[in-house]
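This report describes one protein chain for a reader who is new to structural work. Please keep the sequence and the model in view while reading.

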Amino acid sequence: MSHPDRAPAPLPPDSPFSRCDAPPRFDLIRTEDVVPAIRALVARQDSGRLELEKTASPTWAGLCEPLGELGEPLSFAWGIVHHLLSVKNSPALRDAEAQVQPEVVGSALALGQSRAFYDGFVALRAGAEWAQLSPSKKRIVEASIVDAELAGVALEGEKKERFIAIETELAEAATSFANNLLDATKAYALVLRDPSDVAGLPPSTLAAAAQSARQNAAGDARLEAATAEAGPWRITLEGSLYIPFMEHSTRSDLRQALYRAYVTRASSDPHDNQPLLRKILRLRKQEAELLGYPSYAALGLRRKMAKEVGAARGLLDELRTASRPHAERELGELTAFARERSGDPSFQLELWDVPFWAERLREARYSYKEEELRDYFPLPAVLAGLFALARRLFGVVIEETPGSLPVWNPDVKTFTVRDEDGKARATFFLDPYSRPADKRGGAWVQGCIDRKRKSTGEVRLPTAYVVCNQAPPVDGKPSLMTFREVETLFHEFGHALQHMLTTVDEPGAAGSNNIEWDAVELPSQFMENWCYHRPTLLSFARHHATSESLPEALFDKVAAARTYRAGSAFLRQIYFATLDLELHDAGFDPEAGDVMALQARVAAENTVMQPLPEDRFLCGFSHIFAGGYAAGYYSYKWAEVLSADAFSAFEEAGLDDPARLAETGRRFRDTVLAQGGSQPPAVIFEAFRGRPATTRALLAQAGLV
């Protein structure tokens, strides 16, 4: 779908949007170049599609290879645009993306709906060459057939036009949803000026809140002079400030104000996501009906391990049965503790009290404070420990390469991954710090470049983006991480390892490409386990000022606290996953149904403390409304079953035996990390584990059995 008014100018060969075989030149990318570059690539893809439809033959070399080459340039450039929207958002970039998004969606649908390509894939699967194709190539062909069917290849006339319109509207709505959430998050702040307002907050939070005040002073002299000791302090809804405030502030009234702001984010003008989420649900239902599915959930599970909604519900039911009694007991324990400590036997916990009293109970039960751990986790040391673990388990060497690649922000770091013989395997960017002004919250990994074997035999190495949102360095100290942020970094690096250590030469199945969505979290959740492995954690947990190691006694307390309130944590994820399935299953009609009433009903069945009546959690549920988890949030628990069972193989090998750990690690690398989407996840898991996965390891790990 080219620009309707004129033919776009060809993309210059030196454009940073045209170099899809190398990491992006962020130093050369200008927002004003986005629209003409994307339109040129859309025109190139559209004309290439028309030509290939005439010349393609039903063979790997005659169809699959040229089709892959055809789609890569636009996919690469569009990936840059969306990456920058996440980490360097601006009104001009939003406007540019909005201008060309319908054309990008239209061009992608034209590829996906091409009857010539679909018939070619079907003929290839039925032809003589099929038996000679590798498992990876067969998987790509099979996935291409299903993807074409889900893209509406069988639709004609008005139904096809309606499907295209729906896809375009969905893309636009998802982008608007994410932008609204970003804007609503950064629009709210509590500016506190009296020391009594920040009672209980740890020094690191005071320093970060003062830095936030200075960075958002807007000419206010007092804010410009903010200090950790004297204030003023600016508390926002960003996780790096919101979470510690809720856990440590002794002011219940301020916790309540912040909590209410958080659970109603993006639910009122000018950043109201309520109309958008209803629109998204309606469009998804219409899309499923056009494709002949009873619900969007049924459509979404066509390309997942679970296959059917009933299987996903079955897992959630099993985990709910195991976790709910624990969550109810945990609430009773927390209430009793709060009453004792407050001296009020009639005290009733409110939702904004739970983080505060849960942290006090943790401190009392395990005799340590989360804040104590920060000093032992400066980012450079954590990275060194993470990279050393990757070398021990997977035989790769990771080194920082400052200045080797242009970056989008001075805080971004670049790294190269090599085999132990020095051969390069991959590169990655690390963007570690929160920037509320232009960077969305959360943590994620995104592929920048996929591994690919070129016609010359040369291998194009993969590149990844690793993005976190921890507190930046403050007052001359390095970025000091909470233990949860350490877990998050390990988690995201698991995703990055699967992208970078793939040995699949076809981009369509390299890294996490073509992996069923409910298996994608396997390597990431697996890596979190190493934060509780004594030799691993103690190898890098050193005090940033004294270099003293984390005391063994403190590690023992942290390890013991791993299962603290595990029932509540499980039930929280089950609530989100159940809500997601209910919204997308056949039993809910988004045309007539009340979304918020559905949320209340699901909450009643899946929480032990009911949300506030005004709770609008769904307005911030970007995973399902602006991400890839629609009808798939259950995937976190599905993959957690796989990851816990995978880690149990290391436990069985002997966690204190370096040789056996390395042997098991290489096997994990050569199966789960290396084979990616080249075979079904269940087949790859069994190749590593020797049997199918069970829930036993996960429930035991969480202390729920």
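A disulfide is a pair of cysteine sulfur atoms within 2.5 Å. By this rule, the count in the chain comes to zero disulfides. The model is a predicted one, in which local features need pLDDT of at least 70 and side-chain atom pairs count only at pLDDT 80 or more, while totals for chains, interfaces and linings use all residues. Residues are numbered from 1 along each chain as its sequence is written, and side-chain values use heavy atoms, with hydrogens and water left out.

**Cysteines**

A residue is called buried when its relative accessible area is under 20%, exposed when it is over 50%, and partly exposed in between (1.4 Å probe, protein chains only). C64 counts as buried because its relative accessibility is 11%, and C531 is buried with a relative accessible area of 1%.

**The chain as a whole**

The chain holds 27 helices and nine strands; helices (H or I, at least four residues) and strands (E, at least two) are DSSP runs, numbered from the N terminus. Along the principal axes, the C-alpha atoms fill a box of roughly 80 × 60 × 50 Å. The radius of gyration, taken over C-alpha atoms, is compared with a globule rule of 2.2 Å times the number of residues to the power 0.38. A compact globule of 705 residues would have a radius near 27 Å, and the 25 Å of the chain agrees with this.

Of the 705 residues, 57% are buried. The accessible surface, which comes from the Shrake-Rupley method with a 1.4 Å probe, is about 28,100 Å², and carbon and sulfur atoms account for 52% of this surface. Contact means heavy atoms within 4.5 Å. Among contacts with a separation of 6 or more, 73% are between residues 24 or more positions apart.

**Helix α9**

Is helix α9 (residues 239-248) largely enclosed or left open by the rest of the structure? Eight of its ten residues are buried, so α9 is largely enclosed. The buried residues of α9 include Y242, F245 and E247.

| Residue | Helix | Relative accessible area |
|---|---|---|
| T168 | α6 (residues 157-187) | 13% |
| L661 | α25 (residues 658-675) | 9% |
| E330 | α13 (residues 309-342) | 6% |

The contacts below leave aside neighbours within four places in sequence. T168 touches P102 and V105. L661 is in contact with L393, W530, H533, F650, G654 and L655.

Which residues are in contact with E330? They are R565, A566, G567 and S568. One of these, G567, is 237 residues from E330 along the chain, yet their C-alpha atoms are separated by 7.5 Å.
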